[in-house]
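The tour goes from one selection to the next.

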Amino acid sequence: MREVKATHPSVPEWSDYVRGLAGKTAVGTMREHLRTCAACRAIAADLSAVVKTAAADRESSVPSELTVQAKAIFRPGPALDWLQRVRQLAAVLTFDSGAAAGLPVGVRGSAASARQLSYSAGDYDVDLRVEPAGGGAPGTDLAGQVVRRGLGSQGVEGALVQVVARGKTLRETETNQFGEFLLSYAATPAGMLRIVIREDSCQFDLSIENRKRK
Ligand SMILES: [Zn+2]
């Protein structure tokens, strides 16, 4: 799976970019970034499509009796709300195989060193398996799956998965068609895993630090 190590502009920054609201310096950097980053190209394309749809909606002239009817059905500006911010969902730890044993995430040298964690956030469930890197190498392997609850619990394809520490994106990947991802990182960062669901314009953060259940 592809990994991108650069720091990516945020979704709100891309939102400004596609609407022509980003500063001149930023535009240069972001245009350059788009050349090398398929993940951000996808975000920019999604946002750009939404901007065009919103603009077309505003421009189309509608008979007044229909307008009244439409106002009763639609709240104004959902597309623009979508652009202006990504909803931050609260994630709740629902299962932790290491909690009973008090194991830190990514603990080494034990036969039962893989740790399973499950989180729920909004309509999404995330299962994580955290274990020391194979072959005795330093570092941690993190495998997981992002699933949308509901009919058939579909895996979420194309979600951004980032290891974030002290405001920096250390590692990033994308979920595959089954919603699965795999990341490796050095040691255990004092950080978190950020999941960005682009199609739903929301994100949530999962703790991957050493932790004990309260
Ligand atoms: Zn990027």
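In which sense do strand β7 and strand β10 pair, and over how many bridges? Select residues 160-165 for β7 and residues 192-197 for β10: the pairing is antiparallel, over five bridges. Two strands count as paired if DSSP finds at least two bridges between them. Within this pair, L160 is opposite V196 of β10.

Before going on, two notes on the model. Residue numbers start from 1 along each chain, following the sequence as written. The model is predicted: local features need pLDDT of at least 70, side-chain atom pairs count only at pLDDT 80 or more, and totals for chains, interfaces and linings use all residues. Helices (H or I, at least four residues) and strands (E, at least two) are DSSP runs numbered from the N terminus.

**The sheet.** Now show the open sheet of five strands, which has mixed pairing and the order β1-β11-β10-β7-β8. Its edges are β1 (87-88) and β8 (168-174); each has a single partner strand, so one side of each has no neighbour in the sheet.

**Helix α1.** Select residues 11-18. The buried residues of α1 are V11, W14, S15, Y17 and V18. Buried means 20 or more other C-beta atoms within 10 Å of the residue's own, exposed means 12 or fewer, and partly exposed is in between, with C-beta atoms placed from the backbone. Seen down the axis of α1, the buried residues lie within an arc of 160°, so they line one face of the helix. The arc is taken from the directions from the helix axis to the C-beta atoms. Just after α1, select G20, which has a positive phi of about 75°.

**The core.** The largest nonpolar core has 33 residues, and W14 and I195 are among those with the most contacts inside it. Such a core is a set of buried Ala, Val, Leu, Ile, Met, Phe, Trp, Tyr and Cys residues joined through C-beta atoms within 7 Å. Elements that each supply at least two residues of this core include α1, α3 (38-59), β7 and β10.

**Two single residues.** Select S201, in the loop between β10 and β11 (202-207). The phi of S201 is near 50°, a positive value in a residue other than glycine. S201 is partly exposed, with 19 other C-beta atoms within 10 Å. Last, select T140 in strand β5. T140 is buried, with 21 other C-beta atoms within 10 Å. Its C-alpha is 7.0 Å from that of V130, although T140 and V130 are 10 residues apart in sequence.
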